Amino acid sequence: MLGGGDGTVGASPQAQSPPAAEDVRAQLEVLLASPDLDASARVRRFLRYVVEETLAGRAQRIKAYAIGTEVFERNADFDAQSDPVVRIEAGRLRRALERYYLSVGALDPVVITIPKGGYVPHFASRTAPVAGADPGPASLAPVPPADPPPRRRVPWPATVACLAFLGGLLLWVPWRDGASRTPQASAPFPPGGPTLVVLPLEALGEPAAKSYADGLTEEVLSQFARFKEITVIGRETSRSILPGTDMARIRRDLGVRYVFEGSVRAAAHRLRITGRLIDAQTSAVLWSQTYDEDLQVRDPFTIQDDIARRVATAVAQPYGIIQRADGTRTGSHPPGDLEAYACTLRFYDYRAALTEESHGAIRTCLERAVAAHPDYATAWAMLSVLYLDEDRFGFNPRVGASPPIQRSLEAARRAIRLDPENVRALQSLMMALFFARQPAEALEVGERAVALNPNDTELLGAFGTCLGQAGAWQRGAELIEQALARNPGHSGYYSGVLAVYAYMQRDYVRAEGLIRQSALEKFPLYHFVAAVIYAQLGKAPETAEARDAFLRMRPTIFEHWDDEMAKRNYRPEDAAHFAEGARKAGFPVPTRTAAETALQASTSPH
């Protein structure tokens, strides 16, 4: 069964003696070149690393630390217990291999698996399936090359082009008037939300363009499917669409709102990749981009992974092209199922503005949405964040209700039960656990969410903030900078977080430059950050202005200073540093904070 067992394929009746090393390497190259292996570029690097290390007789070195530092480029202080990236990616690799061997790889002569409980791969030979078995699409699997290709740069072999072409013939079903394939959508999907179909990219120029186009189409589709706020039509349906089919027919037959199309042109060692997002109703081009690549500089897998990530981030992320287009579209529609989806769009507007007025309206809207659609995981996740903001920002607290952090956790866990791989649900659980003073559990959930969708800037911003507050300032800042690069329109928030990072590093000059770029009018806490930065620099007028603005907005926060620091999980030294700056700024901070008491106790001789 898919996703079960120990990561093996379950073809033991066909097992023979262990395969030769050259046969394993040939199978490895087939796997790495196959668009049917549903794995990102870094998961493929993981696979290459463990296979090559095992064949070289170094299986004993294949531990989480070695993989984390050598494959995922973690620092020398990498701790596999607090950073579960290796466990997460190993699980993804096991599932990808299992699916591959149950489909197109059913006749491959060598089976590579990663048994659970470790990361050392297992190799097995097998014969053809027993007589009478239905091989399905796997009867078209390529024959591995006799000589293994070079390790460093892996061109997409002609066998993959043949496989993609023949597989397309097998899956292609001509459209008939009035008939269409059933879309394969992520579930549960937003009521009234956007639907997208990814058309096979057109191959232009040299014959090799077909391989590149097929691989990139698969990776783009996989990257889009990570965003649960949109429904992505399955690959079989998209492959069945004939070239040149007009947008009106695609919209009519599939009911999609958006169409992604493009092309790959190959000439010598150059690639030109174009992508366009089209409104299926109006045929208007909403977004278009061209990417030029040199195969002598970067290998095809790296190009494929990078371009697909950039496309998906621009088009499908919470602040991307689809979200903006749908925000305009839903504004003129009457209430109904579409209202539930409109609430999720307004959630991102709230996150950008972060005002008490918008908080109350969106909370009410989302509560109506989950009452009407109790299986709508994304709405539950967003409602969890709204409940959390009652606690951390003091927005619209409900008298007589259960504590907001409890409601936040309950809503997040319900979202996870409905859709365990919904990134917004994982983000909300991460945030709720973090403010429930369970930072280790929160960061583990955050790692899982980022592994599922490293392109989601809303997630990167939230996770980077949590990491920083828990003391991992360097990695937190790296994620925030990634989010800033991919979503510069939200720079007012990201700049403020980076200003806190610079403050904690005592780089007050850089902190001042960053806080001046932040949206102080949207994020009240940044007035506090600005005041302590100016105070450390001895800028009295700027300090007084920022201090007075913050006290007008949050006059009672200093009555609960220790609690505010504790629930944000600041390390004692970081909370003490804030207290030091706050006193210089003239804030009514307690004479001796809990963090300062803890620091003094830890340094006093016993």
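## Exercises: a cavity and a helix pair

The largest cavity holds about 80 Å³ of space. Keep in mind, as you work along, that the model is predicted.

**Exercise 1.** Work out how many cavities of 30 Å³ or more there are, and which residues lie nearest the centre of the largest cavity.

*Solution.* Start with the count: there are four cavities of 30 Å³ or more. Finally, sort the lining by class: eight residues are nonpolar, two are polar and one is charged.

**Exercise 2.** Find which helix gives the most to the lining of the largest cavity.

*Solution.* First pick out the helices that each supply at least two lining residues: these are H10 (321-330) and H11 (337-353). Then see who gives the most: H11 does, with three residues.

**Exercise 3.** Describe how helix H21 (residues 525-536) and helix H24 (residues 572-585) pack.

*Solution.* Begin with the geometry: the axes of H21 and H24 are 8 Å apart and meet at an angle of about 75°. Angles of 65 to 115 degrees count as roughly perpendicular, so H21 is roughly perpendicular to H24. Now list who makes the contact. H21 brings Phe528, Ala531, Val532, Ala535 and Gln536, while H24 brings His577, Phe578, Glu580, Gly581, Ala582, Lys584 and Ala585. Last, classify the residues of this contact of H21 with H24: seven are nonpolar, three polar and two charged.

Definitions and conventions:
Residues numbered from 1 in each chain as written. Predicted model: local features only at pLDDT ≥ 70, side-chain atom pairs only at ≥ 80, totals over all residues. Heavy atoms only, no water. Axes fitted to C-alpha atoms, helices over the stretch in contact; angles between N-to-C directions. Helix = DSSP H or I, 4+ residues; strand = E, 2+ residues; numbered from the N terminus. Parallel < 35°, antiparallel > 145°, perpendicular 65-115°, else oblique. Contact = heavy atoms within 4.5 Å. Nonpolar A, V, L, I, M, F, W, Y, C, P; charged D, E, K, R; others polar. 1 Å grid on protein atoms, 1.4 Å probe; cavity = no way out; pocket = protein on both sides within 12 Å on 5 of 7 lines; lining within 4 Å. Points joined across faces, edges and corners; volume = space filled by probe spheres on them.
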